[in-house]
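The following note sets out numbered points for a colleague who wishes to read the model alongside its sequence. Each point takes up one part of the chain.

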Amino acid sequence: MNTFMAGVNQESAVRSVWRYQPLVPVAVAFAAGVTIDRSFPLPVVAWLLLAFGTLLLWAVAIGLCIRRSPGDDLGARNWLSSILLLSSVLAVGGAWHHVYWHVYPTDDIGHWCDRKSQPARLRGVLTEEPLVVRGGPPNPLRVMPERDQTVCQMAVRQIEQAGGWVSASGRAHVMVDGELANMHAGDTVEVLGDLIAPAQASNPGEFNYAEYLRGRRTRALVRCEGPQVVTQCDVASNAGIGGWLERIAGTCERRLMERLPPGRAEVAVALLLGRYELLEEDVTERYMRTGTMHILAISGQHLAIL
């Protein structure tokens, strides 16, 4: 009897989720498609055919539910139609991830670089405020002392070749030795440095920086010897709505850093603008150890209030 009641309660809970939170199963199916394609990539055509086929079968199942006979099991048909619809959502998630992760334009800057460093001159637009990473204290175990470094993202527009400037696209992660001053999000810049593809993780459990950058549609690194090789161009950038939003976000970040005391400014920028890179490692670790990392997100504030 207890087993029967437990089964009834579990079935009621499933129906409750489907009825009152209908997007939860949809989100789970979409995430499952993304996960499957990350581990077992399939061609976009295969995902689209799967999505179209399951959607067609779902339409047939809906038609059978409408034309049901009095003795038919309507519940089984409803479950079948739901599974087919969720399978179509799963296929759409797999197709979306495959396009985002594997498909790039022919002029993407990632096609110009590999693990062998090569000098390059690029022109593009800074898509975020440059972040100055201060060098750590002297460490006798380090052969080379840590120096200040500036990192930023750049939307590439052109790359210099033997015959002159040619059009390019995509994003590059720029790393400059020293502090890059008077450069802000939305500025059009020219960069001279070493172009290289990000390295994959070499040890189990190590942070994979290449996958992190690829999650931001970035497959190129540009290493610059100093701020003097990064110059601002007078060419006006045509970045569209996205460029204006990035410029506004950069302005807001500068205002917060200028008007709030150190320590609070970085948390405010992380909370309001989502730039967690400004937080020091020990601060982030304390949030993670106490299980309060969600507080640094706007949606996580809702949970914190509850």
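1. **Pairing of β6 with β1.** The structure is a predicted model. In strand β6, Val189 is the bridge partner of Gly124. That bridge belongs to an antiparallel pairing between β6 and strand β1 (residues 118-126), in which 8 bridges are found.

2. **Other partners of β6.** Strand β8 (residues 230-232) is also antiparallel to β6, with 3 bridges between the two. Here Val189 faces Gln232 of β8, and Val189 is likewise the bridge partner of Gly124. Strand β7 (residues 218-224) pairs with β6 over 3 bridges, again in the antiparallel sense. In that pairing Ile196 stands opposite Leu221 of β7.

3. **Burial of β6.** How many residues of strand β6 (residues 188-196) are buried? The strand is mostly covered, with 7 of its 9 residues counted as buried. Val191 is part of this strand. Val191 is classed as buried because its relative accessible area is 2%, and buried means under 20%.

4. **Contacts of Val191.** Which residues does Val191 touch, leaving aside neighbours within four places in sequence? The contacts are Ala120, Arg121, Leu122, Met154, Val174, Val222, Cys224, Val229 and Val230. For one of these residues, Ala120, the C-alpha atom is separated from that of Val191 by 8.1 Å, although the two residues lie 71 apart along the chain. Among the contacts, Ala120, Arg121 and Leu122 fall within the residue range of β1 (residues 118-126). Val222 and Cys224 fall within that of β7 (residues 218-224), and Val230 within that of β8 (residues 230-232).

5. **The β3-β4 hairpin.** Strands β3 and β4 make a hairpin, with 2 residues between them. Strand β3 (residues 149-161) runs antiparallel to strand β4 (residues 164-167), and 4 bridges join them. Within this pairing, Glu160 is placed opposite Trp165 of β4. Met154, a contact of Val191, lies in the residue range of β3 (residues 149-161).

6. **Aromatic pairs.** The count of aromatic pairs comes to 5. In one of them, Trp96 and Tyr100 are stacked, with 5.4 Å from centre to centre and 20 degrees between the planes. Trp96 and Tyr100 are separated by about one helical turn, because they lie 4 residues apart in helix α4 (residues 74-102). Trp96 counts as partly exposed because its relative accessibility is 45%. Tyr100 is also partly exposed, at 28% relative accessibility. A further pair, Phe207 and Tyr212, is tilted: the centres are 5.9 Å apart and the planes make an angle of 50 degrees. Ring pairs also join Phe30 to Trp96 and Tyr100 in a cluster.

7. **A nonpolar surface patch.** Which residues form the nonpolar patch on the surface? Phe207, Tyr209 and Tyr212 do so, with about 300 Å² of accessible area together. Phe207 counts as exposed, since its relative accessibility is 56% and the cut-off for exposed is over 50%. Tyr212 is partly exposed, with a relative accessible area of 32%. Tyr209 is partly exposed as well, at 30% relative accessibility, and this residue is found in helix α5 (residues 209-214).

8. **Helix α7.** Which residues of helix α7 (residues 264-273) are buried? They are Ala265, Glu266, Ala268, Val269 and Ala270. After the helix comes Gly274, which has a positive phi, near 75 degrees.

9. **The chain as a whole.** The secondary structure of the protein chain consists of 9 helices and 8 strands. Of the 306 residues, 31% are counted as buried. The accessible surface amounts to about 19,400 Å², and 61% of that area belongs to carbon and sulfur atoms. Among contacts between residues at least 6 apart in sequence, 72% join residues at least 24 apart. The contact list of Val191 includes Ala120, and those two residues are 71 apart along the chain.

Note on methods:
Residues numbered from 1 in each chain as written. Predicted model: local features only at pLDDT ≥ 70, side-chain atom pairs only at ≥ 80, totals over all residues. Heavy atoms only, no water. Patch = residues over 30% accessible without salt bridge, like charges linked within 9 Å, V, L, I, M, F, W, Y side chains within 5 Å. Areas by Shrake-Rupley, 256 points an atom, 1.4 Å probe, with all protein chains shown as cover. Salt bridge = Lys/Arg side-chain N within 4 Å of Asp/Glu carboxyl O. Buried < 20%, exposed > 50% of the residue type's maximum accessible area, 1.4 Å probe, protein only. Pairing = 2+ DSSP bridges. Contact = heavy atoms within 4.5 Å. Phe/Tyr/Trp six-rings, centres within 6.5 Å; stacked < 30°, edge-to-face > 60°.
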